[in-house]
Amino acid sequence: MLSLPLLLLLLWSMGSHGFPVSPETQGEDVELVQKYLENYYNLNKRMHVGKQKRSVNNLAELLKQMQKFFGLKVTGKPDNETLKVMKQPRCGVPDVALFTTMPGGPRWNKKDLTYRIKNFTPDLPRSVVENAFEKAFRLWSDVSPLTFTRIFWGEADIMISFTRGAHGDNNPFDGPGDTLAHAFGPGPRLGGDAHFDEDEMWSNENIREINLYLTAAHEFGHSLGLGHSSDTESLMYPVYSYNGNVQLGQDDIDGIQKLYGPPKIPLGGEEEKLGLKAPDVCNSQVTFDAVTTLRGEIMFFKKRFYLRLRPSYLEAEIGFTAAFWPHLANGFDAAYELDYKDEIRFFKGYNYWAVQGQNALPRYPRSIYHSFGFPRTVKQIDAATSDVYTWKTYFFVANKYWRYDEYRQSMDRGYPKMIAHDFPGIGNKVDAVFSKDGFFYFFHGTNQYKFNMKTKQVTILKSNSWFNCRGY
């Protein structure tokens, strides 16, 4: 009979010709492959195999499963790219390819959940840890009907602890790197609990250390019943990667809403507090966060609401943005329509999303730095619009603007420029903007500026002049 390490070596020799490693390094990598498949792909480490060919085939199939999940070339061999992924820090929960929710679909049978922080890491102040966990839970409550209440004693639905090595759940931690944390799906006793490896160096912002907020948000997804996603833009992707921003992907939102449904809208006095009171468009003091055209219509955005103006309708349609685009439920900073692609782009912080109609496009959000070439000093876009005649997109940030060539997919030279210099008469700050029939319509506070791009003439209007507000 061959032992498992010998089988892996046999698989290596049969399948990875020319793999440039020393016997010592190869031995380390064999151990890595064995450990990885045991932990995340259900390889039985106690198995002793009698039939060599069938056993090698079984190991190759597990490697293929792992390679397919991560979008690698499916070879069934422990090649360089496969080893590279295996060596990255990651979540300790096993991978389940093509499943957003955990096998069997475990879920809590209630919407109001409790959590308790049993102990704290010495790496961070207590207040930072508390804030990281609170924000992580809020990510999930913003897109679902779930609520999370912290308790300070007794048994909570989700018990949170920092620990190291073997800690009583038959899933020991392995020291710095590799497995960072793990959590259990909904259920009694250990169900829902989240454990963080104290041998890691936990951080609040430092990219070179392990960000607690990102890790907690991922693990709490498991606590709620989500499995791993093979979508690299998903928060539930198993490999750790922190770029300074923590966001749910569309796959995450689809998964949590499959389990618990969309968020409920609170009624009564909480509406105003949470920004859930619809804006009064006929109030002369109304302002807007963003405006864009959409297939011949105009859509205005205020906090969580959209106001939709259609040519054949006298009254504006008002509703929650989440009803159109669930992944934009928390509002955004700017939006513009890319007419020739039938695409709208929404910006929040330094990320942006793209939709066609009501359909979210895959592999978003993306970074404004990588896609458009903005410097890192730009933290958010205030307003944006694209000129259908020139294929130029204008981005407004503080008192400056950039111009992006959609055809060449690069920023035009000589930018940024001062808003007040090139758009005289509109001031030096823009809250929202859209373009229509050769005019740019700028919004700042309660004023709107109709700007002729050819003559540079300006007409000053009220921000709500598009709405049927006779008598106000």
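In which loop is Tyr364 placed? Tyr364 sits in the loop between β15 (359–360) and β16 (366–367); helices (H or I, at least four residues) and strands (E, at least two) are DSSP runs, numbered from the N terminus.

The model is predicted, so local features need pLDDT of at least 70 and side-chain atom pairs count only at pLDDT 80 or more, while totals for chains, interfaces and linings use all residues. Residues are numbered from 1 along each chain as its sequence is written, and side-chain values use heavy atoms, with hydrogens and water left out.

**Figure 1. Overview of the protein chain.** The secondary structure of the protein chain comes to 11 helices and 25 strands. Of its 472 residues, 50% count as buried; buried means under 20% relative accessible area, exposed over 50%, and partly exposed in between (1.4 Å probe, protein chains only). Among contacts in the protein chain between residues at least 6 apart in sequence, 56% join residues at least 24 apart. Contact means heavy atoms within 4.5 Å.

Figure 2. UniProt, in an unreviewed entry, lists Tyr364 under "modified residue: Phosphotyrosine". UniProt positions are given in the numbering used here, feature names are shortened, and annotations may be inferred rather than shown by experiment. Tyr364 is buried, with a relative accessible area of 9%. Not counting residues up to four places away in sequence, Tyr364 touches Glu233, Glu343, Tyr352, Trp353 and Ala354. Arg363 lies in the loop between β15 and β16 and is partly exposed, at a relative accessible area of 46%. With neighbours within four places in sequence left aside, Arg363 is in contact with Thr232 and Glu233. The C-alpha atoms of Arg363 and Ser234 are separated by 8.6 Å, and these residues are 129 residues apart along the chain.

**Figure 3. Two cis peptide bonds.** Most residues other than glycine have a negative phi, and most peptide bonds are trans. Tyr364 and Pro365 are joined by a cis peptide bond, with omega about 10 degrees. Pro365 is in the loop between β15 and β16. The peptide bond from Tyr415 to Pro416 is also cis, and its omega is near 15 degrees. Pro416 is found in the loop between β20 (410–411) and β21 (417–418).

**Figure 4. The annotated binding site, Asp123 and Glu200.** For "binding site", the unreviewed UniProt entry lists Asp123 and Glu200. They span 78 residues in sequence, yet no two of their C-alpha atoms are more than 9.1 Å apart, so they gather at one spot. Asp123 is placed in the loop between β1 (112–117) and α5, and Glu200 in the loop between β5 (194–197) and β6 (202–203). At 26% relative accessibility, Asp123 counts as partly exposed; Glu200, at 5%, counts as buried. Apart from neighbours within four places in sequence, Asp123 is in contact with Glu198, Glu200, Met201 and Trp202. Glu200 touches Asp123, Gly175, Pro176, Gly177, Thr179, Leu180 and Ile210, residues up to four places away in sequence not being counted.

**Figure 5. The crossing of helices α5 and α6.** The axes of helix α5 (residues 126–141) and helix α6 (residues 212–223) come within 8 Å and cross at roughly 45 degrees. Axes are lines fitted to C-alpha atoms, for helices over the stretch in contact, and angles run from 0 to 180 degrees between N-to-C directions. The two helices α5 and α6 are therefore oblique to each other; angles under 35 degrees count as roughly parallel, over 145 as roughly antiparallel, 65 to 115 as roughly perpendicular and the rest as oblique. On the α5 side, the contact is made by Val129, Ala132, Phe133, Lys135, Ala136, Phe137, Leu139 and Trp140, and on the α6 side by Leu212, Tyr213, Ala216, Ala217, Phe220 and Gly221. By class, this contact of α5 with α6 has 12 nonpolar, 1 polar and 1 charged residues. Ala, Val, Leu, Ile, Met, Phe, Trp, Tyr, Cys and Pro count as nonpolar, Asp, Glu, Lys and Arg as charged, and the others, Gly among them, as polar.

Figure 6. Asn170, a residue other than glycine, has a positive phi near 60 degrees. Asn170 lies in the loop between β3 (158–163) and β4 (181–183) and is exposed, with a relative accessible area of 83%. Lys456 is not a glycine either, and its phi is positive at about 65 degrees. Lys456 is placed in the loop between β24 (447–452) and β25 (458–462) and counts as partly exposed, at 42% relative accessibility.
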